[in-house]
Structures are given as structure tokens and as C-alpha cells.
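Hello,

Here is the structure I promised to pass on. Have a look at it first, and my notes follow below.

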Amino acid sequence: MIIGVAKEIKNNENRIGLTPAGAEALIKAGHTVLIEKNGGCGSGFSDESYLATGAQIIRNKQELFDRSDM
């Protein structure tokens with residue numbers, strides 16, 4: 001399954017729905033994880049921290065949604 005995680009859009013909400021450790025667990029289970037560019041910055045997670053787990057960084061929210069199963 002291709003799992004996409006977008007940046008939060010609500011005012012004053014900086015969290016992201018998936019940590020790098022969570023991304024790593026999903027990837028080890030055989031899934032593909034797509035993270036919106038700078039999605040984790042508000043929670044202290046850099047794009048590089050997601051890339052290190054094997055996740056992919058997607059620059060455009062619409063592309064993220066188009067490529068994701070969930």
C-alpha cells in the first residue's frame with residue numbers, strides 16, 4: 001500500500017500524523033511511505049529524517065494525494 005502523509009493545514013497545528021520511526025515500521029512491513037515536503041518540520045522532523053527511513057518526499061500536495069492509496 002502507498003501511504004501518503006500531508007502537512008497539517010489547521011491554524012496553530014504543527015504536528016504530523018507519522019513520525020520517522022512510524023514511517024520506518026510501515027516501510028519494513030512492505031508499504032511505501034510518501035511525506036509532503038517539510039511536513040514534519042513543525043514537529044522537529046526534517047525531510048532528511050524521513051528519507052533516512054526509506055520514505056519519499058513529495059513536493060506537491062496534489063501529487064501526494066494522486067499517488068497515495070491511503
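**What I found**

Let me begin with aspartate 47, which is buried, with a relative accessible area of 7%. Here buried means under 20% relative accessible area, exposed means over 50%, and partly exposed is in between, using a 1.4 Å probe and protein chains only. Aspartate 47 sits in helix α2, residues 47-51. Helices (H or I, at least four residues) and strands (E, at least two) are DSSP runs, numbered from the N terminus. Leaving aside neighbours within four places in sequence, aspartate 47 is in contact with Glu36, Lys37, Asn38, Gly39 and Ile57, where contact means heavy atoms within 4.5 Å.

Before going further, a word on where the numbers come from. This is a predicted model, in which local features need pLDDT of at least 70 and side-chain atom pairs count only at pLDDT 80 or more, while totals for chains, interfaces and linings use all residues. Residues are numbered from 1 along each chain as its sequence is written, and side-chain values use heavy atoms, with hydrogens and water left out.

**The sheet**

The sheet is open and has 3 strands in the order β1-β2-β3, with parallel pairing. Two strands pair if DSSP finds at least two bridges between them. At the edges are β1 (2-5) and β3 (56-58), each of which pairs on one side only. From one strand to the next, the twist averages 30 degrees; axes for such angles are lines fitted to C-alpha atoms, for helices over the stretch in contact, and angles run from 0 to 180 degrees between N-to-C directions.

Strands β1 and β2 run parallel and are joined by 4 bridges; glycine 4 has leucine 34 in β2 as its bridge partner. On the β3 side, 3 bridges link that strand to β2 (residues 32-36), again in parallel, and isoleucine 35 stands opposite isoleucine 57 in β3. Strand β2 is mostly covered, with 4 of its 5 residues buried.

In a regular strand the side chains alternate between the two faces of the sheet.

**The core**

Which residues make up the largest nonpolar core? There are 9: Ile3, Val5, Ile16, Leu18, Ala23, Val33, Ile35, Tyr50 and Ala55. The term covers a set of buried Ala, Val, Leu, Ile, Met, Phe, Trp, Tyr and Cys residues joined through side-chain atoms within 4.5 Å. Two or more residues of this core come from each of β1 and β2. Isoleucine 3, a member of the core, is in contact with Leu26, His31, Thr32, Val33, Leu34, Ser68 and Met70, once neighbours within four places in sequence are set aside.

**A buried glutamate**

Glutamate 36 lies in strand β2 and counts as buried, at 5% relative accessibility. What does its side chain meet? A polar atom of the glutamate 36 side chain lies 2.7 Å from the backbone nitrogen of lysine 7, and the side chain also makes a polar contact of 2.8 Å with the side chain of lysine 61. A polar contact is a pair of N or O atoms within 3.5 Å; within protein, one must be able to donate a hydrogen and the other to accept it, and residues adjacent in sequence count only if both atoms are side-chain atoms. Beyond four places in sequence, the contacts of glutamate 36 are Val5, Ala6, Lys7, Asp47, Ile58, Lys61 and Leu64.

**The aromatic pair and the loop beside it**

The structure holds 1 aromatic pair. Phenylalanine 45 and tyrosine 50 form it edge-to-face, at 6.2 Å centre to centre and 80 degrees between the planes. Rings of Phe, Tyr and Trp (its six-membered ring) pair if their centres lie within 6.5 Å; planes under 30 degrees apart count as stacked, over 60 as edge-to-face and the rest as tilted. Tyrosine 50 is buried at 0% relative accessibility, whereas phenylalanine 45 is partly exposed at 25%.

Threonine 19, in the loop between β1 and α1, touches both Phe45 and Tyr50, not counting residues up to four places away in sequence. Threonine 19 and phenylalanine 45 are 26 residues apart in sequence and 7.5 Å apart in space, C-alpha to C-alpha. Threonine 19 is partly exposed, with a relative accessible area of 36%.

Glutamate 13 lies in the loop between β1 and α1 (20-28), and its side chain joins that of arginine 15 in a polar contact of 2.8 Å.

Best wishes
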